[in-house]
Amino acid sequence: MNRKSVTATLLAAALLSGVAMQSAFAAEEKTNPIPGIPSNSLEMWGGKDGVHEWAVALFHYIMLDTRINFLFKEFGNPERQIFLNTQLETMVLGGPNEYQGASMTAAHADLNINMEQFNAVVEAAYNACERINLHYWACNQVIAALAPFTDDIVTR
Amino acid sequence: MKRNERAARTGSFLKAAAILAAGLFSGNAAAGFYNDGKVLLTGGVATIDGAGGGGITPWAVINGYGTRDGINGSLHYTYAYLPNYSLNSYGASVGLYDRLELSFTRSTLPTGSTFDTVGLIAGILPGVVGDTGIEPFNTTIEMDVFGAKLRLFGDAVYTSDSLIPQVSIGGFYKDNKNKDLLTTLQAAKRKDWEAYVSVTKVYFPFSTLVNLTGRYTSANQTGLTGFGYKDRTNGGSGKKDDKKEMRLEVSIATLVAKNTAFGAEYAQHGTSLDNVGVNLNGIGTGQLVGAITDALGPVTDVAGVSLDHLDDTLTQHEDDWYDLFFAYAPNKRISFVVAYAMLGNITLTPDQHGFYLSTHLTF
């Protein structure tokens, strides 16, 4: 591996773990799905604790999926990902913006993620909702809220 | 020498073709083209015309599970059990890079007692009416449908922060095999094309998909009874009306789980053959009823149909189509649709409502 690719790999790993971009200001904002996320969405999810349980289940399924688990094994830190995803999903479901990670664009810029890999994460998200016995309708609120990030994440 | 050179050149060509074919169809190459990366049910199921969509309405989505990075194919079979007909529709489609969809479908429509009655009447007057294309039993309508769809812009699934839907245009070329029967029904054409534009959007906060389609067509009963109208009665005007018109189609599907949806569809139909009688070799319905009454003398009914109502029986009607459906996809390889189709008058027969079963295999 040449010096340039080593640097890129380290940068990507750092970005994905959120360490490099931590700041006092959140690097990502709430999205604006139409016609809006119901005000009781976070409550339906069981608050931040429920979102955390879902994030744990999400990474359980992601790490079992051979279409995407190598990305996370190579670049990611699942514990850190669960922490950041809990913050991100809590925010988009109507909670406070305490997200400490990188912006979606920055975090995924060098990962060369394609549509199939993105959809694999969406499938893992639905599996995680089932795992924590979250109603499909409530689950779709987070899909609606995260969907606008698609073009920031899928770069291939 | 020249022969040897030609043979060598042919050998090289065959060798190159063999290498190319081996490359194309080898596992690695197939893995390069093949893609099934879409989320469950987001490619729709197969319409009776073979396009990706609902049961009767094409949607803007490209059929199958291929993303923009590959190709995905599918097979489908649909069976609709109606009181006087049964529709069988089967075919294949391929989705290319979530941009282009190509499909072929064959529809067969075995007809029932009403057509049998017409066939029987034609049989009573063999020297008069000639070949009507309708037999006293087992008259079957067959039609081939070639389809193509192109996604223009938009993403039905992931642009939840925009009102812009996924928009596709498409078309069908339909080739009805029953020339004599369509002459009897007074259709203007047995082959024709139709075009459509579909807009589709998923509203995740409602777990609901909405589709609107405008279909530019002159089809009678989707083409199963031809296209347009031509007056073929003796002494008639000879009027021909095969102009296409834009007809509205709507689908609404609510997802109750990631693999289960239910919903409703509506498809506007034309009126070209509405209130048009059959024509048996130039003999219109009125003349025909008179001839039959004269021929049968004291007989007052044929196959249970009173001669008093024969005029109505031999007059066609067409209604808009509706259906309520339930779709279930246990995995990406197979899905099932159960629907209740309310198709109203189908040519000579009223109240054609019944169950519809469809399966869609993707690979």
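Q: Before we start, what counts as a salt bridge here?
A: A side-chain nitrogen of Lys or Arg within 4 Å of a carboxyl oxygen of Asp or Glu. Keep in mind that this is a predicted model.

Q: OK. How many salt bridges does the rule find across the interface of chain B and chain A?
A: Two. In a salt bridge, the side chains of B:K332 and A:E123 meet at 2.8 Å, N to O.

Q: How much area do the two chains bury between them?
A: About 2,200 Å², with 57% of it on carbon and sulfur atoms. In chain B, B:Y158, B:P205 and B:K258 lose the most area to chain A. Together they make up 31% of what that side buries.

Q: How many residues does each chain bring to the contact?
A: Chain A brings 27 and chain B brings 24.

Q: Switching to pockets. What is the volume of the largest pocket?
A: About 430 Å³. Its lining has 23 residues. Nearest the centre are A:M115, B:R68, B:D98, B:D155 and B:Y158.

Q: What classes are in that lining?
A: Nine nonpolar, seven polar and seven charged residues.

Q: And the second largest pocket, what lines it?
A: It has 16 lining residues. A:E123, A:N127, B:L40, B:K258 and B:K332 are the closest to its centre. The salt-bridge partners A:E123 and B:K332 are among them.

Q: Which element gives the most to that lining?
A: α7 of chain A, with five residues.

Definitions and conventions
Residues numbered from 1 in each chain as written. Chains lettered and ligands numbered in written order. Predicted model: local features only at pLDDT ≥ 70, side-chain atom pairs only at ≥ 80, totals over all residues. Heavy atoms only, no water. 1 Å grid on protein atoms, 1.4 Å probe; cavity = no way out; pocket = protein on both sides within 12 Å on 5 of 7 lines; lining within 4 Å. Points joined across faces, edges and corners; volume = space filled by probe spheres on them. Nonpolar A, V, L, I, M, F, W, Y, C, P; charged D, E, K, R; others polar. Helix = DSSP H or I, 4+ residues; strand = E, 2+ residues; numbered from the N terminus. Contact = heavy atoms within 4.5 Å. Buried area = accessible area lost by both parts, 1.4 Å probe.
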